[in-house]
Amino acid sequence: LGLLERTLVPRPLPEGGTVNFTSVCGRAYRRALLEQWSIAFDEALFYGEDRLVNLEYLSRAGSCAHISAAVYRYEYHGDSVSHRYHEGFLSNHARLAERMKTLLEERGLFPAREGAYASCVLSHMASLLTYLIFDPRRERPFAQRWALCEELRETAVFQEALEHNRPRESLRRWVYLFAFQ
């Protein structure tokens with residue numbers, strides 16, 4: 001179950017390592033298991049769908065193997081699909097959070113992983129605030145930014161996660177989201 005937590009709240013597996021369990025890149029999956037469990041990318045999501053696939057796969061697989069070798073190289077560039085603005089960003093993240101919670105509940109894993117889940121949702125919320133509201137490269141009138149803040153405040157999954165906003169996990173995120181509230 002430690003891998004599930006690392007899928008929700010990324011952190012290195014080996015000391016000094018950079019293993020990212022949120023992405024499907026640089027991994028090999030047993031196709032028979034994907035088909036047996038009907039695991040597929042949610043086409044309604046344009047961001048975070050790989051985290052959902054990993055979460056479901058790891059919640060069902062009894063084990064996994066880690067090879068300490070670079071098998072995939074990711075280069076960040078501003079034109080990539082996952083780094084461009086999309087009008088549905090907020091609703092996409094809300095849907096992703098809802099799907100992750102449902103998956104954890106269906107697998108009977110939610111009570112033990114509620115804190116990790118909330119931390120994941122709070123991280124998404126902080127990213128949304130930065131990206132949609134406060135990023136100076138996103139030129140929006142004040143009224144539009146205010147409306148996005150209101151939409152974020154009124155989204156149920158984000159409201160629930162804010163109840164778990166504690167300074168012990170990430171003081172910077174706590175202050176940021178506390179000020180938002």
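Guide: Leu-129 touches Phe-134, Leu-152, Tyr-176, Leu-177 and Phe-180, leaving out residues up to four places away in sequence. Contact here means heavy atoms within 4.5 Å. The model is predicted: local features need pLDDT of at least 70 and side-chain atom pairs 80 or more, while totals for chains, interfaces and linings use all residues. Residues are numbered from 1 along each chain as its sequence is written, and side-chain values use heavy atoms, with hydrogens and water left out.

Leu-129 sits in helix 5. Its relative accessibility is 0%, so Leu-129 counts as buried. The classes are buried (under 20% relative accessible area), exposed (over 50%) and partly exposed in between, with a 1.4 Å probe and protein chains only. Leu-148 lies 19 residues from Leu-129 in sequence, and their C-alpha atoms are 8.8 Å apart in space.

Now the wider setting. The protein has 8 helices and 0 strands. Both are DSSP runs numbered from the N terminus: helices are H or I with at least four residues, strands E with at least two. Of the 181 residues, 40% are buried. Among contacts between residues at least 6 apart in sequence, 67% join residues at least 24 apart.

Next, the nonpolar core. The term covers buried Ala, Val, Leu, Ile, Met, Phe, Trp, Tyr and Cys residues joined through side-chain atoms within 4.5 Å. The largest such core has 37 residues, and Leu-8, Met-100, Tyr-117, Leu-132, Leu-152 and Phe-158 touch the most other members. Two or more residues come from each of helix 1, helix 3, helix 4, helix 5 (110–134), helix 6 (142–154), helix 7 (156–162) and helix 8 (171–180). Helix 5 gives the largest share of this core, 13 residues. Another core of 7 residues lies apart from it, and includes Val-24, Leu-33, Trp-37 and Tyr-57.

Beyond its neighbours within four places in sequence, Met-100 is in contact with Leu-8, Arg-51, Leu-52, Leu-55, Tyr-117 and Cys-120. Met-100 is one of the buried residues of helix 4; among the others are Phe-89, Asn-92, His-93, Leu-96, Lys-101 and Leu-104. An α-helix has 3.6 residues a turn, so residues three or four places apart point the same way. Helix 4 (residues 89–106) has 18 residues; at 1.5 Å a residue it should span 26 Å, and because its end C-alpha atoms are 26 Å apart, the two agree. The expected span is 1.5 Å times one less than the number of residues. After helix 4 comes Gly-108, with a positive phi near 70°.

Helix 3 is next. Its 12 residues reach 17 Å from first C-alpha to last, close to the 16 Å expected. Of those 12 residues, 9 are buried, so helix 3 is largely enclosed by the rest of the structure. Arg-51, Asn-54, Glu-56 and Tyr-57 are among them. Ser-59 also belongs to helix 3. At 12% relative accessibility, Ser-59 counts as buried. Ser-59 touches Leu-4, Leu-103, Arg-107 and Leu-109, again without residues up to four places away.

Ser-38 lies between helix 2 (31–36) and helix 3 (49–60). Its phi is positive, about 55°, although Ser-38 is not a glycine. Most residues other than glycine have a negative phi. Ser-38 counts as exposed because its relative accessibility is 61%.

Then the cysteines. The whole structure holds 0 disulfides, a disulfide being a pair of cysteine sulfur atoms within 2.5 Å. Cys-120 is buried because its relative accessibility is 1%. Cys-149 is buried too, because its value is 9%. Cys-64 is in the loop between helix 3 and helix 4, and its 40% makes Cys-64 partly exposed. Tyr-29 is 35 residues from Cys-64 in sequence and 9.4 Å away, C-alpha to C-alpha.

Last, confidence. pLDDT is the predictor's confidence in each residue, from 0 to 100. The protein averages 80, and 77% of the residues score at least 70. Where pLDDT is low, the predicted coordinates should not be read in detail.
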